[in-house]
Amino acid sequence: MENMLYAEELVREFLVFRGFTNTLQAFDKELGTDIGKGFQVDKILDLIFSIYVPKFQAENLIELLRFFKQCFSSYETELISVISNLDVSILRYYIVYAIQAGRKDKVIELFDIHGSELLQKDQEWASWFAIPYIKTPQSDPLFRIYFSKEWSNALHLSLRNFVSKMFNGTRIPALMKISSERNMVSRLKGDIKQLNFKLAQLQALLEEKEAQLRQFRSNALLATEVIVGTNSSLNPHPGCGEPTVFKPMASRDICVSATSQAGEREPKHIDDIRPDDTQVSTSKISSQSQSERNTGNGAQREEEFSEVRVDFQETFLGHTSPISRCRFSATGDNVASASVDGTVRIWTYDSSAPASRNATIYCGAEIMSLEWECKSDRLLLIGTADGGIKVWNVDAKRVVCDLSCTEAFPSVLDLKCSPVEPIFVSAAASRGRGSSDIGKLGCASLTVWNMRMWKAMTVLPLGEDPPAITSVCFNHNGKLLAAAATDGMIHMFDMSAGLQITGWPAHDSAISSVLFGSDETSIFTLGIDGKASYSAVTKSTLFFFHAFECFSIYIFEWSLQNQGKVLWSRECSRLCNLQNSLHYKHEMALDADGRRLLVTSNSLRAPIYQVRGHAYGMRSLPHTASITTVDWHPTSPIFLTGSADHSVRVTSMA
């Protein structure tokens, strides 16, 4: 009954929307009578045996029987014959009831109006035409059975069972399924929420165990990195013994003495070492002090971030390989996601939103970049590893333009549309000779394309053999373009003049993502910085240092008003491990308010940093593999996380 009422409301809403007022009035009038009583068995039986028969409404009774014949006309022939037999029995019950009530006139009236029709259907009605004129029909052998209580009860029971069976087996109209499907979706969402909660608990337990295992391995590695042994049988006098030092083959030995008077350190020869009491310690000395690198003293570790409070979460499972990119459309109604097998899926996370734009696009090459048109929300740009740029029209559901970069620059690393002008910029790179992902990128090419003519307009100047550009970003009015390079440089271009106006070294090595701040007075970079690390062995007044190179990933917020000044920074090396980032580059996304920064992660959760705030950060709900791509909804606190587990999740923050 609930489904019926909901469907009727949908019909009313549609008729009002289309302006069919006359139809709406007729619809309401029909609903007022509702001859079928909403297909409720009890109400139909009451209508027959408590209203139409006792009140001698023969016309209404015959009209109801015709209605049910039409409803069940598509059923098998055997069922149709059963319906006809029940119709005959119900009319005979009406006649018997009228005779018993002393209303033979109602019987005569029925035969006068419908007698010929009844005879055409069944010749047995001929004997019934005499019943009004028989003095005691209940004693007549032909009619005696119909006056018995057993026959009346059998008719009630048979009619109830038959109507119940027919209604339960009736094909439900598609309009009535909407309510059922809506309720089912609601129940499934509840089940998914409970399962996600259980999954989050299990993932948290798994992460805790993995953290303990990593700590154990780290301690074991640290213990074996520098081992100082002394031979107790050696002569303790000068020149009679040496310590045994085990160290990595790639390390460098630096011998430094420490005086107790002024703390000055002078190099000594290794033969001068005395086997005195030994202490082992480790320290990490950065080429740039921690106070310069991290303006947030006492910052909370990512492992300690609280789990984000979720209003709802939807998981898209339409891909069959790891996700490489996912992006909200300009309005946030649609999502485009790409996987490493060269497939792009366009979908919507809201079950109430139309799915007319949903599509699957097969590009035939690895997809390296995705970008929605900023204005109409109608075009999707797809950059591939073979130098192609496909333009997909989501309304027409086809590729409307297939552009190609020059053969010298086959890798389309990033695409960005201007928020104002009908142009977009492609960052393409040639192929390098290195073994790492960064080393595989050669020189850069920044091309400006016209989106009306679909032709290249100009190539932005970067100098001779410039390092690859990994990420580009327009400011709010499209007049400035920031480009991040693999050598750690930030390049700023004036788009009206097509010239570079400034630039500065933001990181020691490659930058993988760049974003303008929401107030347009700063710019965010996510990149690699090198550090010199040392293992120190204290032996009385002497120190041994084993030095080796390591790398960390930092997020910096740079001031555009005071170039080179860092406004805010975070180290995210714990979650963004370079050695595990073989198939994707790390990226970040800033929310609509410019206060939260979402970053990809080699962990199962993505960190959400509070920009320039003292509030603690948060962590997303866990995937089952690393987070490879992220994005924020353009207006709402909703974010995307794509993962190597082939899934994309839409999470709304509570």
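**Ground rules.** I number residues from 1 along each chain as its sequence is written, and I leave out hydrogens and water, since side-chain values use heavy atoms. As the model is predicted, local features need pLDDT of at least 70 and side-chain atom pairs count only at pLDDT 80 or more, while totals for chains, interfaces and linings use all residues.

**Entry 1.** I searched the whole structure for salt bridges (a side-chain nitrogen of Lys or Arg within 4 Å of a carboxyl oxygen of Asp or Glu), and the search found 17.

**Entry 2.** I looked up E207 and R619, whose side chains form a salt bridge at 3.1 Å, N to O. The pair links distant parts of the chain, 412 residues apart, with E207 in helix 9 (residues 174-225) and R619 in strand 31 (residues 618-619); helices (H or I, at least four residues) and strands (E, at least two) are DSSP runs, numbered from the N terminus. I noted that both E207 and R619 are buried, where buried means under 20% relative accessible area, exposed over 50% and partly exposed in between (1.4 Å probe, protein chains only).

**Entry 3.** I turned to R357 and D395, which meet in a salt bridge at 3.1 Å, N to O. R357 counts as buried because its relative accessibility is 17%, whereas D395, at 48%, counts as partly exposed.

**Entry 4.** I checked D593 and R595, whose side chains meet in a salt bridge at 3.4 Å, N to O. D593 is partly exposed at 47% relative accessibility, and R595 is partly exposed at 49%. I then found that salt bridges with shared partners join E207, E307, R605 and R619 into one network.
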